[in-house]
Amino acid sequence: MPSIVSRRAALAALFVVSSSASAVAQGLDLTINHVGLAIGDVPEVTGLRLNFRDRNMRRVDGINATIWGPYENSHPGTVRGLALGLPLTGAGNIDGVATGILGVGVEHRFRGVGIAPIGLGAGGSLEGIMLGGIGLGAGGEMTGIGIGGIGVGAGGRMKGIFLGGIGVGTGGDAEGLLIGGIGVGGGGNVRGIAIGGIGVGGGGSFTGLSIGGIGVGSGGDVTGVSIGGIGVGAGGTLTGLAIGGIGVGAPTARGVMIGGIATGAQEMHGIMLAGAYNKIDKGSLRGLAVAPYNDIRGVQHGWAIGVINIADELDGVQVGLLNIARNNPSGRKVLPIVNWH
């Protein structure tokens, strides 16, 4: 009959073998009902989980600390709590706080607070407060506050406050405060305040305040206050106040256009002020044009004040050294000081 000592030795040996097999399969699981401490690639943990690199992690509620990001062929799970990278970490989804000395990468959605001295990115959406020492990027939407030492970018919509040392850009719509050391750009519509050291541009419409060190431009409508060191331009309707160091132009404008050298439009409802030249190209002016040279290639409804004023069809008043109204009777087509119709 086996002795008590031999039985204990057998049980100890079985425990060692079982523990070794468990460690090879998933690490050292010291949890009770998945609650507690786990070392290695333990799939589910509530508490503290320490691992070199994740392959089988399904869910961690608490702290997940890793040395490196998940394996490429893995199916990373969800971390709810703190994801810590020494120096790199990642997951499928993170709800909470994530930080890594080198960076943080999320396959799908990151919602919470992220801090990475080098970079932080998500294949899906970023929601919350995100800080990337070099860069910050999302393949989908970005919502909240995002700061990137070099840049901030999203493939989808951006909504919130975003600051990029070089630039801020999105492939979709943007709404909020966008500031880029060099530029700000949106592939869709932009609403809010956009400031670019060199320029601000949008593929769609822009509504709000836009300031570009060199220029502001949009493929669609621009509404609000737009200031460009060299120029402001819109592919659609320009509404509000537009100021360009050299010029301002749009097919249709409503409001006030101020150009250091020139302004131009096809249809203008408002005031045109330029240091040298105002031009209406085959359209109409309804309002006031003030410049040394006002060239209205169309109909002028209102006033033109300058040195030389020309209108194909005058329905108002010209004040200047030389005033030409081509629709006036022959004796009043060209007059000094004042012309009218």
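Reader: Where is Pro-87 found?

Author: Pro-87 is in the loop between strand 5 (78–85) and strand 6 (88–100). A strand here is a DSSP run of E at least two residues long, numbered from the N terminus. This is a predicted model, so local features need pLDDT of at least 70 and side-chain atom pairs count only at pLDDT 80 or more, while totals for chains, interfaces and linings use all residues. Residues are numbered from 1 along each chain as its sequence is written, and side-chain values use heavy atoms, with hydrogens and water left out.

Reader: What kind of peptide bond joins Leu-86 and Pro-87?

Author: A cis one, with omega at about 20°.

Reader: What makes the phi of Asn-33 worth a remark?

Author: Asn-33 is not a glycine, yet its phi is positive, at about 55°. Most residues other than glycine have a negative phi. Asn-33 sits in the loop between strand 1 (28–29) and strand 2 (35–39). Ile-337 also has a positive phi without being a glycine, at about 65°, but its place is in strand 29 (residues 334–340).

Reader: How do you know whether Asn-33 and Ile-337 are buried or exposed?

Author: By relative accessible area: buried is under 20%, exposed is over 50%, and partly exposed is in between (1.4 Å probe, protein chains only). Asn-33 comes out at 71%, so it is exposed. Ile-337 has 55%, so it counts as exposed too.

Reader: And why is Asn-294 called what it is on that scale, buried or exposed?

Author: Its relative accessible area is 0%, so Asn-294 is buried. The residue lies in strand 27 (residues 293–305).

Reader: What makes the pairing of Asn-294 and Ala-291 a polar contact?

Author: A polar contact is a pair of N or O atoms within 3.5 Å; within protein, one must be able to donate a hydrogen and the other to accept it, and neighbours in sequence count only if both atoms are side-chain atoms. A polar side-chain atom of Asn-294 is 3.3 Å from the backbone oxygen of Ala-291.

Reader: How do you know that strand 11 and strand 13 pair?

Author: Two strands pair if DSSP finds at least two bridges between them. Strand 11 (residues 142–148) and strand 13 (residues 158–164) have 7, in the parallel sense. Gly-144, for one, has Gly-160 of strand 13 as its bridge partner. Strand 13 is also joined to strand 15 (residues 174–180) by 7 bridges, running parallel, and the partner of Gly-164 in strand 15 is Gly-180.

Reader: Why is the contact of Arg-157 with Glu-141 called a salt bridge?

Author: The term takes a side-chain nitrogen of Lys or Arg within 4 Å of a carboxyl oxygen of Asp or Glu. Arg-157 and Glu-141 come to 3.8 Å, N to O. Arg-157 is in the loop between strand 12 (151–154) and strand 13, and Glu-141 in the loop between strand 10 (135–138) and strand 11, so the pair ties together parts 16 residues apart in sequence. Arg-157 is partly exposed at 32%, and Glu-141 likewise at 37%.

Reader: How many salt bridges does the structure hold?

Author: There are 10. One of them joins Arg-58 and Glu-44, with the closest N and O atoms 3.2 Å apart. That pair links distant parts of the chain, 14 residues apart: Arg-58 is in the loop between strand 3 (44–51) and strand 4 (59–66), and Glu-44 is in strand 3. Arg-59 and Asp-61 meet at 3.1 Å, N to O. Asp-41, Arg-49 and Asp-54 are linked in a network.

Reader: What makes something a cavity here, and how many of 30 Å³ or more are there?

Author: On a 1 Å grid over the protein atoms alone, a cavity is a set of points where a 1.4 Å probe fits but cannot get out, and lining residues have an atom within 4 Å of a point. Points join across faces, edges and corners, and the volume is the space filled by probe spheres set on them. The count is 1, and the largest cavity has a volume of about 40 Å³.

Reader: Which residues line the largest cavity?

Author: Among them are Val-190, Phe-206, Ser-210 and Val-222. Strand 18 (199–202), strand 19 (206–212) and strand 20 (215–218) each supply at least two lining residues.

Reader: How does that lining divide into nonpolar, polar and charged?

Author: It has 5 nonpolar, 5 polar and no charged residues. Ala, Val, Leu, Ile, Met, Phe, Trp, Tyr, Cys and Pro count as nonpolar, Asp, Glu, Lys and Arg as charged, and the others, Gly among them, as polar.

Technical notes:
Helices (H or I, at least four residues) and strands (E, at least two) are DSSP runs, numbered from the N terminus. On a 1 Å grid over the protein atoms alone, a cavity is a set of points where a 1.4 Å probe fits but cannot get out, and a pocket is an open set with protein on both sides within 12 Å along at least five of seven lines; lining residues have an atom within 4 Å of a point.
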